[in-house]
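Thanks for passing this one along. Below are a few friendly notes to read beside the model.

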Amino acid sequence: MGLSPWQDPTRRGPFHLSAFLADAAERTPETTLTVDGMEFTCEQAWMKVLRIATWLQENGVHRGEKVVAVLRHSPDLHLITLAVAHIGAVFSIVSPQIRAEAFQEILEEAEPVCLFLEKTSRHLKAVADNILTVWLGEGLNGGNWDEADFTEVMNTRPAWGMRFPGKSEDPAFLVFSETAGADRKHGVLLSHENVRNMLSEQPRQGGIFALFEDVGSPLKLETTAMEA
């Protein structure tokens with residue numbers, strides 16, 4: 001499957017980060033995607049994205065609001081990224097090695113309405129009271145009103161007709177430096193169009209692209225044709 005929508009900044013019309021997968025799920029649903037070593041068909045991957053996107057909207061996450069993930073690389077992280085982008089919200093991916101003090105600074109600046117955390121970042125919940133938190137991993141949910149399991153998210157009935165509600169110039173990512181304390185720069189907002197332009201400048205590497213290598217949160221996706 002070609003990635004020309006990413007690599008052609010002159011393409012006319014609106015652009016958003018989930019467009020390539022939405023199009024692929026409709027046009028070539030049986031094409032396989034390999035995401036961090038796990039294979040999905042385009043249709044399967046898009047259904048997962050829609051499940052996450054639907055759950056976020058049903059739980060009050062809307063266009064322009066911030067979602068922060070403190071997660072390691074995984075297929076789930078990629079799917080969450082596309083789901084947040086698809087509802088027009090702004091996503092920030094933070095290294096699991098971040099200290100609580102630096103994480104609190106990010107929360108104060110970003111004011112996220114939702115967090116995605118895993119076992120290695122469980123201690124960060126102490127500085128994130130009253131923020132809706134999705135736990136990736138069993139045994140982490142304390143049962144409070146502001147906590148949910150990722151399995152609950154993935155059991156959500158997907159809203160198949162969901163459309164991207166924003167514009168190409170809307171912010172998609174909030175990127176923070178990994179430097180903590182007074183030396184840490186404020187977050188930088190990147191629009192959907194900014195990201196497409198960044199990707200268009202990268203050389204073709206067998207259908208693989210990466211984002212934000214410099215902040216320790218590369219997002220990689222490679223596509224392969226399904227064997228007959």
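**Notes on the model**

1. Glu-118 is buried, with a relative accessible area of 8% (buried means under 20% relative accessible area, exposed over 50% and partly exposed in between, with a 1.4 Å probe and protein chains only). Please keep in mind that this is a predicted model, in which local features need pLDDT of at least 70 and side-chain atom pairs count only at pLDDT 80 or more, while totals for chains, interfaces and linings use all residues. Residues are numbered from 1 along each chain as its sequence is written, and side-chain values use heavy atoms, with hydrogens and water left out.

2. What does the side chain of Glu-118 make a polar contact with? The partner is the side chain of Arg-72, at 2.9 Å (a polar contact is a pair of N or O atoms within 3.5 Å; within protein, one must be able to donate a hydrogen and the other to accept it, and residues adjacent in sequence count only if both atoms are side-chain atoms). Leaving aside residues up to four places away in sequence, Glu-118 touches Val-70, Leu-71, Arg-72, Pro-96, Trp-135, Leu-136 and Leu-140 (contact means heavy atoms within 4.5 Å).

3. Glu-118 belongs to strand 5, residues 114–118 (helices, H or I of at least four residues, and strands, E of at least two, are DSSP runs numbered from the N terminus). Overall, the chain has seven helices and 10 strands.

4. Two loop residues deserve a look at their backbone. Glu-111, in the loop between helix 5 (100–110) and strand 5, has a positive phi of about 50° although it is not a glycine. Asn-130 is in the loop between strand 5 and strand 6 (132–136), and its phi, near 65°, is also positive in a residue other than glycine. Glu-111 is exposed at 60% relative accessible area, and Asn-130 counts as exposed at 57%.

5. Strand 8 (residues 171–175) has four of its five residues buried, so it is largely enclosed by the rest of the structure. Strand 8 pairs with strand 9 (residues 188–191) in the antiparallel sense over four bridges (two strands pair if DSSP finds at least two bridges between them). Within this pair, Val-175 stands opposite Val-188 of strand 9.

6. Lastly, the chain as a whole. Of its 228 residues, 51% are buried. Among contacts with a separation of 6 or more, 61% involve residues 24 or more positions apart. The chain exposes about 11400 Å², with carbon and sulfur atoms supplying 47% of it (accessible areas come from the Shrake-Rupley method with a 1.4 Å probe; for residues, only the protein chains shown count as cover).
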